[in-house]
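Subject: Structure handover

Hi,

Please find the structure below. My notes come after it.

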Amino acid sequence: MYTDTAHDAAHGEHHDHGPAKGLMRWVTTTNHKDIGTLYLWLAFTMLLYGGSMAMIIRLELFQPGLQWVEPHFFNQMTTMHGLVMVFGAIMPAFVGLANWLIPIMIGAPDMALPRMNNWSFWILPFAFTILASTTFMEGGAPAFGWTFYAPLSTTFAPDTTDFFIFAVHLMGISSVMGAINVIATILNMRAPGMTLMKMPLFVWTWLITAYLLIAVMPVLAGAVTMMLTDRHFGTSFFDAAGGGDPVMFQHIFWFFGHPEVYIMILPAFGVISAIIPTFARKPLFGYSSMVYATASIAILSFMVWAHHMFTVGMPVAGELYFMYATILISVPTGVKVFNWVTTMWKGSMTFETPMLWALGFIVMFTIGGLSGLMLGVAPVDTQYHDTYFVVAHFHYVLVTGALYSIIAAFYYWVPKWTGHMYDEKLGKIHFWWSTISVNVLFFPQHFVGLAGMPRRIPDYSLQFAEFNMISSIGGFAFGLAQIFFLYIVIKTIRGGVKATDRVWEGATGLEFEQLPSPPPYHSFTEAPTVK
Amino acid sequence: MSSASNQDYYVPHGTHWPIIGSVGLALTVVGFANYLHDTWSATPIFVGIAILVFMMYGWFGTVVKESLAGTYNAQVDMSFRWGMGWFIFSEVMFFAAFFGALFYARMYSVPWLDGASNNDATAQYLWPDFEAAWPLLMAPVTDKYEVITKAMGAWGLPALNTIILLTSGLTVTLAHWALKRRDNVWLVYWLFATVALGFGFVLLQGYEYVHAYQDLNLRLDSGIYGSTFFMLTGFHGFHVTMGAIMLLIIMIRAAKGHFSPEHHFAFEAVAWYWHFVDVVWLGLFIFVYWL
């Protein structure tokens, strides 16, 4: 049995118990840094796995006609790409950042429930192995889209759907445990003086994200459970012949699905709110309004779900309500964007790699947000629904939004984590390479979408050929850029210029002000002082 | 809320229970999926569940040992409290999905199938003979979904079960009072009463299921009424069973003298859980049985 002994963490001389050796260190670890690292590597692996499926999609769409894969396999690719990126790449990456950063940002010795923290992670490799294995089973992987609408996922789905259902159950268990841990840590483990309104915004956004996770992951579990009983035990939740309704599935799914969107973007807001002030060398403008905006977005996120289903034949009153509520979200989101811009106003700005990614985030996330506003207008959505315009929209918010913030967070905190500076030149190449290619990839999709090209179809009409070819070229270039990123990550971990404790001239926060780079295995065994 | 000092916060040093739990979980669900497809027997499911039970026994056993050894300070205790509270909230949201399905079916899908709102054409084209009602005894397609002869009433067995569960909520509170006045004898007695009431509820619920299947032809596959009825009461019954087992373990621990008026979080966590299943039942009684 072991209790942390007090020692002065700030000097970086850690005579405390270091990690165990070998593979079992990672399997049995209860250390928030180890678990954060595991999450981040899982997310990167899944990013490359999901990305490879995106490459197959773009390859098939490079030219009109069926070129490389069967339509059924194409459907499997779009489905699995979405599932793997949402549940395997973006969400675990943010949980990894939460694990690494929250304890060192609030001055805690570790997460509140370290053993459960281990379990939250170690369910995921099993869940994704189960999910990925469906590709190699009879009937192939799920092919009904990542939203798995009934009856495609019930009456007409392959047997492998049951493996998918249970994989989702496992991911849900993992997410709920992870979120409980985050909330318990933030509410119970803050150092003396770290009042709620002094917490870094990354901590705030994660507190609210964790609440969203606990509120909606069980609803997703309920939805897939009803799918399972509809498939095997004769229930009729999603079958009109028994008095149920396939549209009911969509309502339940999107009651989960819309807050899920904010689960994937609120922590990104936290990351950007940390990076912009550092490189503008000014405190964040409107801190408390950022907190309230985040909370408002979270509350509104529960009340807008049916804007994903404007074309299912809802009563007009429903369409109007969901339209207005949706447009309302742009107010707190606008507050955030304006606060970031105002933070930079008259700042002494420099443009190191993390700042570039953060600025890229602000510009391109706003593009995604504006196309979201267009989609939120019910009569207009009738035209855009299920076209490539939607694909362009959510890739702007998820790739140049969520993923960009994760990459920005990597460049911003990796010197703190490893004690090594990344290679600034390579980081900048990575940014420009990615940013040019990602716009070549997704921007033309707005045009083909507006012109009527449907999503999730392996072939298209001839007039879309040029834009699709351009889009595919951008896609291959963007994919390659992330292999280059893998090289940068490994290079930085293995060595590099020694990072200072502060890392960045303008950096603030406990992790930069009171911990060495890298921080000791157990960071704050004695609570730090918060000014 | 933040503590004066983190110095004694207990950070355990490595644990093998989670990976065992993951193996158990994965085996259970993969076994279940294969069982559904007739590719495997049911054995892997039970092996998986056995691994999970072993994990819980070992994990909780470790925590109990550490707790008795005085490893946990007040701050650790508070982490456990937040953890349990939010876990129960997640359970509430799990039930919310099924209640949502119930309300949607009653308010929208069933009336719409009969032409309500602006769905005249739908009703005419699909099943013109279908008549909306709740409880829905006859689904639109009766050769696929069984016809129910009679809906489950509220004022027989379900009302008795309501009294039983509400009483058990009282007995668990009496047990808590006994615990607080260091009366270990009555603590165990009242816990025993709670466990007995809990299992009594489950038995009566089982009897009700037999009645539903044999006498009312109310089945899981008898349309949306049967689907919502059995999913909601079934998951609730499962939670009552789990809660009663948890109470039983707490009773055994109480008999061993594990709890003091100052340190008895495990008791409180299970009591919270028990009140949660109680409240869910009230929702069920009102919306599934009564109204």
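This is a predicted model: local features need pLDDT of at least 70, side-chain atom pairs count only at pLDDT 80 or more; totals for chains, interfaces and linings use all residues.

Residues are numbered from 1 along each chain as its sequence is written, while chains are lettered from A and ligands numbered from 1 in the order in which they are written.

Chain B overall

Chain B has eight helices and zero strands. Helices here are DSSP runs of H or I with at least four residues, strands are runs of E with at least two, and both are numbered from the N terminus. The order along the sequence is α-α-α-α-α-α-α-α. Along the principal axes, the C-alpha atoms of chain B fill a box of roughly 70 × 45 × 40 Å. Of the 291 residues in chain B, 37% are buried. A residue is buried if 20 or more other C-beta atoms lie within 10 Å of its own, exposed if 12 or fewer, and partly exposed in between, with C-beta atoms placed from the backbone. Take the contacts in chain B with a separation of 6 or more: residues 24 or more positions apart account for 70% of them. Two residues are in contact if their C-beta atoms, placed from the backbone, lie within 7 Å.

The side facing chain A

In chain B, 65 residues are in contact with 69 residues of chain A. Helix 1 (17-36), helix 3 (74-113) and helix 7 (223-255) of chain B are the elements that give two or more residues to this side. Helix 3 of chain B gives the most, with 21 residues. By class, this side of chain B has 40 nonpolar, 21 polar and four charged residues. Nonpolar means Ala, Val, Leu, Ile, Met, Phe, Trp, Tyr, Cys and Pro; charged means Asp, Glu, Lys and Arg; the others, Gly among them, are polar.

A helix pair in chain A

Helix 13 (residues 388-418) and helix 14 (residues 424-450) of chain A have axes that come within 7 Å and cross at roughly 165°. Axes are lines fitted to C-alpha atoms, for helices over the stretch in contact, and angles run from 0 to 180 degrees between N-to-C directions. Residues in the contact include Tyr388(A) and Phe389(A) of helix 13 and Phe442(A) and Leu450(A) of helix 14. The contact has 12 nonpolar, six polar and no charged residues.

Most residues other than glycine have a negative phi, and most peptide bonds are trans. Some places here depart from that.

- Ala150(A) to Pro151(A) is a cis peptide bond, with omega near 0°. Pro151(A) sits in the loop between helix 4 (114-133) and helix 5 (161-188) of chain A.
- Phe148(A) is in the loop between helix 4 and helix 5 of chain A. Its phi is positive, about 35°, although Phe148(A) is not a glycine. Phe148(A) is buried, with 24 other C-beta atoms within 10 Å.
- Trp134(B) and Pro135(B) are joined by a cis peptide bond, with omega about 5°. Pro135(B) lies in the loop between helix 4 (120-125) and helix 5 (157-180) of chain B.
- Asp38(B) has a positive phi near 60°. Asp38(B) is in the loop between helix 1 and helix 2 of chain B, and counts as exposed, with 7 C-beta neighbours inside 10 Å.

Best wishes
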